[in-house]
Amino acid sequence: MIDIKVRVHDRFSVEFKIGYLVQKNLKANDFMMNTWIFIPNSLDINSFTYGKTEFYRHAKSNIRYITPIYTLSELRNEEALPFRFLEVAFHELSADHSQENLAETEYQIKMFCSIVKSALRKEADQIIKYTPEPDREKAIDLYIEQINDITGKYRKLKDILQDSGLYEEVVTLHSFGDEFLSNLIEFQTYRLLELIKQKDIECYDRIEDRLMLLIRHERKYKKQHQYQTIEKNSPDHNRAVFFRMRLLKKFVESHLFLNAYKKKDGQMAEQVYYSIAAGISMIFATAIAFSFQQKYGNFTMPLFVALVISYMLKDRIKELARFYFVHRLAKKYFDNKTVISIKDTPVGWIKEGVDYITEDRVPDEVMAMRDRSDLLEANNRHTAEKIILYRKLVRINGQVLDENNQYDISGINDILSFNISGFILKMDNPEVPLAVPKKDKGYEIIRGERIYYLNFLIQLRYEDKIDYKRFRLVMSRNGIEGIEKF
């Protein structure tokens with residue numbers, strides 16, 4: 001199964017979070033994703049102005065585990081696996097102060113914090129989207145209780161190592177997780193407040209004080225432990241705080257990322273084809289030389305001219321053959337191959353390729369989903385959209401993935417961030433003056449917005465299942481204005 005979520009990452013980047021869910025009994029879980037990007041002709045995007053190099057320069061991919069799924073109610077239970085693994089790691093480190101046990105403790109701290117992060121986000125979404133209004137207030141009270149239980153258990157863990165020789169080092173690691181959890185609680189609680197305010201103002205009036213009390217408690221706790229907090233009148237506009245938050249996030253999530261080694265795909269086949277091209281050109285040159293030598297003999301002017309011409313044509317034939325084989329390769333091979341591994345154990349690979357294609361090579365079902373208006377179709381007869389096909393083939397060894405993890409890992413996430421700055425170079429001004437009549441008499445000038453659409457049609461294939469998704473990016477020269485999902 002393939003799951004995909006799309007969101008605007010920042011003003012100039014859109015993020016595709018692609019989840020590949022594997023069957024653990026299979027060595028070869030194969031997934032395919034084809035993405036057709038329809039680009040307005042007015043942006044002047046083509047193979048000359050925006051080639052493969054530019055595309056890959058603007059596309060950034062991070063490959064990581066899918067975080068194990070737990071609810072807050074499960075995590076507050078001391079028998080929950082994340083807390084049991086964490087507690088065992090602390091006790092084993094207390095008994096044996098080895099670097100191996102220290103590394104295991106660090107890993108369990110990171111994993112526990114990552115799981116809590118996912119659980120908090122899902123709990124907030126559950127309260128807003130799926131909890132009936134009469135039960136929402138009770139759900140929020142339970143949310144607060146569960147958070148207090150989870151943080152209380154985590155914060156007591158460092159007492160296990162009071163007499164340990166590695167006490168200071170472990171307390172530092174523990175404090176990183178503690179600070180991360182406190183920041184996380186504050187962020188998600190503010191987010192929950194904002195969502196409730198938008199959807200259920202009556203509930204918001206009743207629970208605001210309780211959720212704000214939770215936030216104030218965490219802020220007080222952070223100040224007591226010399227953790228940095230966001231302040232309204234910060235002299236540096238909270239730069240240092242935000243910078244530290246980002247570092248803590250990277251620290252906690254670092255264990256989820258898989259090792260990735262990228263190389264060019266089909267290198268051996270490419271060299272074989274290039275050798276064949278050189279051989280074809282050499283056969284032509286040699287045939288010309290032999291035929292003229294037999295007819296005119298050695299050291300004659302006709303032979304000399306024939307050798308010069310055959311040498312000139314030999315290089316052209318070689319390049320034409322290379323060009324032909326390169327295009328043959330593009331259909332069978334990809335541009336890059338990324339080998340992904342857990343430490344030094346390969347767990348799979350990802351191949352990717354990008355090409356400009358013509359409309360007649362786009363499947364009918366994709367063109368139907370593109371759903372152009374009559375006016376756009378009329379325009380396309382003269383200035384057709386450019387179409388980029390981005391292909392991705394993924395293979396994951398479910399057995400290796402399962403054998404190398406304590407947790408039940410359902411698959412991997414490929415987080416692809418695509419920057420659109422290369423598409424805005426030739427856009428016109430985002431603001432357009434427009435005239436409208438006044439109510440009484442005369443007219444006035446108002447501001448209009450000039451936008452462009454970038455359509456993404458995505459085909460997801462796993463086993464015999466095929467699914468299609470369509471997203472439309474709304475852009476202007478100022479950047480991304482929004483994303484529409486169909």
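This is a predicted model: local features need pLDDT of at least 70, side-chain atom pairs count only at pLDDT 80 or more; totals for chains, interfaces and linings use all residues.

Biologist: Why is the contact between R11 and E481 called a salt bridge?

Modeller: A salt bridge is a side-chain nitrogen of Lys or Arg within 4 Å of a carboxyl oxygen of Asp or Glu. The closest N and O atoms of R11 and E481 are 3.5 Å apart.

Biologist: What makes R11 and E481 buried, exposed or partly exposed?

Modeller: Buried means under 20% relative accessible area, exposed means over 50%, and partly exposed is in between (1.4 Å probe, protein chains only). R11 has 41%. E481 has 37%. Both values lie between the cut-offs, so both residues are partly exposed.

Biologist: How do you know that R7 and E15 form a salt bridge?

Modeller: Their side chains meet at 3.1 Å, N to O. That is within the limit, so the pair counts. R7 is partly exposed, at 43%. E15 is buried, at 11%.

Biologist: Which parts does the salt bridge between R244 and E179 tie together?

Modeller: Here the closest N and O atoms are 2.9 Å apart. R244 lies in helix α8 (residues 239–253) and E179 in helix α6 (residues 167–199), so the pair ties together parts that are 65 residues apart in sequence. Helices (H or I, at least four residues) and strands (E, at least two) are DSSP runs, numbered from the N terminus. R244 is partly exposed at 32%, whereas E179 is buried at 2%.

Biologist: How many salt bridges are there in the whole structure?

Modeller: The search finds 31. Some share partners: E186, R219, K222, K223 and E231 are joined into one network.

Biologist: What makes β6 and β7 a pair of strands?

Modeller: Two strands pair if DSSP finds at least two bridges between them. Strand β6 (residues 336–342) and strand β7 (residues 345–357) have seven, so they pair. They run antiparallel. T338 stands opposite I350 in β7. The two strands form a hairpin with two residues between them. In the turn, K343 has a positive phi of about 55°.

Biologist: What does β7 pair with through ten bridges?

Modeller: Strand β8 (residues 386–396), again antiparallel. D355 has L389 in β8 as its bridge partner.

Biologist: Why are β1 and β4 called edge strands?

Modeller: They belong to an open sheet of four strands, in the order β1-β2-β9-β4, with antiparallel pairing. β1 and β4 (59–65) each pair on one side only. Seven bridges join β4 to strand β9 (residues 411–419).

Biologist: How do you know that the buried residues of α3 line one face?

Modeller: In helix α3 (residues 81–95), P82, F83, L86, A89, F90 and L93 are buried. Seen down the axis, they fall within an arc of 125°, so they line one face of the helix. The arc is that of the directions from the helix axis to the C-beta atoms.

Biologist: Why is the aromatic pair of F55 and Y390 called tilted?

Modeller: Rings of Phe, Tyr and Trp (its six-membered ring) pair if their centres lie within 6.5 Å; planes under 30 degrees apart count as stacked, over 60 as edge-to-face and the rest as tilted. F55 and Y390 are 5.2 Å apart, centre to centre, with 45° between the planes, so they are a tilted pair. F55 lies in helix α1 (residues 52–58) and Y390 in strand β8, so the pair ties together parts that are 335 residues apart in sequence. Both residues are buried.

Biologist: What makes F55 and F418 a tilted pair?

Modeller: Their centres are 5.4 Å apart, with 40° between the planes, so the pair passes as tilted. Y50, F55, Y56, Y390, F418 and F423 form one aromatic cluster.

How values were computed. Residues are numbered from 1 along each chain as its sequence is written. Side-chain values use heavy atoms; hydrogens and water are left out. The expected span of a helix is 1.5 Å times one less than its number of residues.
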